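User: I am new to reading protein models, and I would like to go through one with you feature by feature. Could you show me the general idea each time and then the case at hand?

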Amino acid sequence: MKFFVDTADVAEIKDLAASGLLDGVTTNPSLIMKAGRPMLDVIKEICAVVPGPVSAEVTAVEHKKMLEEGRKLAKLARNVTVKVPLTPDGLKTCKVLTSEGTMVNVTLCFSAAQALLAAKAGASFVSPFVGRLDDIGQDGMYLIDEIMTIYRQYPHFKTEVLVASVRHTQHVVQAAKLGAHVATVPPNILRQLFKHVLTDNGLKAFLDDWAKTGQSIL
Ligand code: G3P
């Protein structure tokens, strides 16, 4: 399973990239707003730090303008993935950009039917938002299960399921159990994946005992 980080904070991305476990980055207009910096500069910087796919989202809602924005974003770096909303105009734009060799991430996916359309439009990624479904009392993970089941029936679909709107580490674990290709995870949750109290306690006990031996490996 690939791990993307869901942020436009370049300092955070640099820090997490140093772990060697980061496969890509996703941003959206809200994350750009939070970063408080010009979008095009931020995307270029992120693309230079992380060689994997970096999602940059269009903000037009009409096909022609969306395509223009997408083409401009795609020119920023070879690893830009243009993010378009799951609307008729978004999918039309997805088809064109894909045919031009640009990776496309179809975002704001909330149903299996929508995910089917994204695959038919040739998207590189589809982003189902699990947390936002949970927020309204639905089961985000059930949607991932449904999408994976459908995609498995059609091995020619190249679209990767990118689990988004991740709220906790269990979302990541459940997505992996279902075979989802990617999870995009906020930085704090990505760091939580490393943590276990027994790891911390066990390491402390080993180091305390080691100190008592008076030895040194180097
Ligand atoms: O980038 C899209 C998605 O991950 C947004 O998550 O937390 O705003 O629902 P959230």
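**A buried lysine and its surroundings**

Analyst: Let us begin with a polar contact, meaning a pair of N or O atoms within 3.5 Å, where within protein one must be able to donate a hydrogen and the other to accept it, and where residues adjacent in sequence count only if both atoms are side-chain atoms. Here, a polar atom of the Lys-83 side chain lies 3.0 Å from the backbone oxygen of Thr-27. Please keep in mind that this is a predicted model, in which local features need pLDDT of at least 70 and side-chain atom pairs count only at pLDDT 80 or more, while totals for chains, interfaces and linings use all residues. Residues are numbered from 1 along each chain as its sequence is written, and side-chain values use heavy atoms, with hydrogens and water left out.

User: Is Lys-83 buried or exposed, and which residues does it touch?

Analyst: Buried means under 20% relative accessible area, exposed means over 50%, and partly exposed is in between, using a 1.4 Å probe and protein chains only. Lys-83 has 4% relative accessibility and therefore counts as buried. It lies in strand β4, residues 80–85, where helices (H or I, at least four residues) and strands (E, at least two) are DSSP runs numbered from the N terminus. Contact means heavy atoms within 4.5 Å, and, leaving aside residues up to four places away in sequence, Lys-83 touches several residues, including Asn-28, Ser-55, Glu-57 and Asn-105.

User: How is the packing of two helices described, and at what angle do α1 and α3 pack?

Analyst: Two packed helices are described by the angle between their axes and by the distance between those axes. The axes are lines fitted to C-alpha atoms, for helices over the stretch in contact, and angles run from 0 to 180 degrees between N-to-C directions. In this model, α1 (residues 10–17) and α3 (residues 39–49) pack at about 5 degrees, with their axes 10 Å apart. This makes α1 roughly parallel to α3; angles under 35 degrees count as roughly parallel, over 145 as roughly antiparallel, 65 to 115 as roughly perpendicular and the rest as oblique.

User: Which residues of α1 and α3 meet?

Analyst: Val-10, Ile-13, Lys-14 and Ala-17 in α1 meet Val-42, Glu-45, Ile-46 and Val-49 in α3. The residues of this contact divide into six nonpolar, no polar and two charged, where Ala, Val, Leu, Ile, Met, Phe, Trp, Tyr, Cys and Pro count as nonpolar, Asp, Glu, Lys and Arg as charged, and the others, Gly among them, as polar.

User: Which residues are buried in α1, and what covers them?

Analyst: Val-10, Ile-13 and Leu-16 are buried in α1. Seen down the axis of α1, its buried residues fall within an arc of 130 degrees, so they line one face of the helix; the arc is that of the directions from the helix axis to the C-beta atoms. The cover includes β1 (2–6), β2 (24–26), α3 and α10 (187–192). At the start of α1, a side-chain oxygen of Asp-9 reaches to within 3.1 Å of the backbone nitrogen of Ala-11.

User: Where is Ser-165 placed, and what is its phi?

Analyst: Ser-165 is in the loop between β7 (160–163) and α9 (169–177), and it has a positive phi of about 60 degrees although it is not a glycine. Its relative accessible area is 9%, so Ser-165 is buried.
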